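User: Hi! I am new to reading protein structures. Could you walk me through this one, step by step?

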Amino acid sequence: MNIFIMGAPGSGKGTFSSRIKEEFDLNHISTGDIFRANIAGGTELGMQAKAYTEKGLLVPDEITNNMVKEYLSQLSDKKNGYLLDGYPRTLDQAKAFEKMTEGTDLMVDEIVVMDVPFDELTRRITGRRSCKHCGEIYNIYSKPPVKEGICDKCGSELSQRKDDNEESLKTRLEEYAKNTEPVIAYYEEKGMVKRIDATAGIEEIWPVLKEALSK
Ligand code: ADP
Ligand code: ZN
């Protein structure tokens, strides 16, 4: 099972991805996470991506496509497939990915879109905190940690993403509307899209999502 999970910033892609990958034993590939890890590690790729991600702009397609290609070619254990999170985000990426995977077992079979109304997204993003150590995601409004600023799971300090401020968020939402919504429309025409109403709480959404993917 090869899945793309799509949705605006704050739609819950990251949170649900970690559940989906465990439930279905998939390789989780988050392009945002790979960029952030490269930026933190000061790699060449990280240096190329940094200025874009911090402003909320998309990293150029060529850089992103090459990174995904490289990543896929190095997957040693294919598990039950992959969950690609945050890619493709432009029509050019979607087409490049099709070329890359055509005729292989890496072709995508399903696209899940997490739907959340616009004003809810802002609250989620500006309240988001995450644990760099174990990856757990919190929200100071809706899912606060027991002890402020500390991860419940591993006790590490929580941090806020550099691009989770109002200005970068505005750019990210604009990028999404301009570049990524056409990608969803493209797959919708092919009848590959499952839309999930992701407005409710995590525990209400999860069974619906799981059921949709089990069919
Ligand atoms: P979001 O919460 O906004 O969906 P991600 O963690 O998926 O964010 O990505 C963070 C940033 O990484 C994006 O704003 C963008 O700069 C960069 N990025 C991630 N995936 C892609 C992609 N497929 N194409 C271009 N840029 C990307
Ligand atoms: Zn932690």
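Analyst: Happy to! Let us start with one term: a polar contact is a pair of N or O atoms within 3.5 Å, and within protein one must be able to donate a hydrogen and the other to accept it. Please keep in mind that this is a predicted model.

User: With that in hand, which side chain makes a polar contact with the side chain of aspartate 163?

Analyst: Aspartate 163 sits in the loop between strand 7 and helix 7. It is buried, with a relative accessible area of 10%. At a distance of 2.9 Å, its side chain makes a polar contact with that of arginine 161.

User: Is threonine 90 buried or exposed?

Analyst: Threonine 90 belongs to the loop between strand 3 (82-85) and helix 5 (91-101). Its side chain has a polar contact of 3.0 Å with the side chain of aspartate 61, and it also reaches the backbone nitrogen of glutamine 93 at 3.0 Å. Buried means under 20% relative accessible area. Threonine 90 has 8%, so the answer is buried.

User: Which residues are the protein donors of the zinc ion (ligand 2)?

Analyst: The donor residues follow the spacing C-x2-C-x16-C-x2-C in sequence. The angles among the four donor atoms run from 99 to 119°, and the site is tetrahedral. Each donor is an SG atom lying 2.3 Å from the zinc ion, and the residues are Cys131, Cys134, Cys151 and Cys154.

User: How many residues apart in sequence are the parts that cysteine 134 and cysteine 151 tie together?

Analyst: Cysteine 134 is partly exposed, at 36% relative accessible area, whereas cysteine 151 is buried, at 3%. Cysteine 134 lies in the loop between strand 5 (128-131) and strand 6 (137-139), and cysteine 151 in the loop between strand 6 and strand 7 (158-159), so the pair links parts whose separation in sequence is 17 residues.

User: What is the distance between an oxygen atom of ligand 1 and a polar backbone atom of leucine 57?

Analyst: Ligand 1 is surrounded by 19 residues, and leucine 57 is among the closest. Elsewhere around the ligand, a backbone N or O atom of glycine 86 lies 2.8 Å from one of its nitrogen atoms, and a polar side-chain atom of arginine 89 lies 3.0 Å from one of its oxygen atoms. For leucine 57, the distance is 2.6 Å.

User: Is the peptide bond from tyrosine 87 to proline 88 cis or trans?

Analyst: Most peptide bonds are trans. Proline 88 is in the loop between strand 3 and helix 5. Omega for the bond from tyrosine 87 to proline 88 is near -5°, and the bond is cis.

User: What is the phi of aspartate 25?

Analyst: Most residues other than glycine have a negative phi. Aspartate 25 is partly exposed at 39% relative accessibility, in the loop between helix 1 (13-24) and strand 2 (27-30). Although aspartate 25 is not a glycine, its phi is positive, at about 50°.

Notes. Residues numbered from 1 in each chain as written. Chains lettered and ligands numbered in written order. Predicted model: local features only at pLDDT ≥ 70, side-chain atom pairs only at ≥ 80, totals over all residues. Heavy atoms only, no water. Donors = N, O, S within 2.8 Å, 3.2 Å for Na, K, Ca; no water. Tetrahedral: all angles 85-135°; square planar, octahedral: opposite > 155°, others 65-115°. Helix = DSSP H or I, 4+ residues; strand = E, 2+ residues; numbered from the N terminus. Buried < 20%, exposed > 50% of the residue type's maximum accessible area, 1.4 Å probe, protein only. Near = heavy atom within 4 Å.
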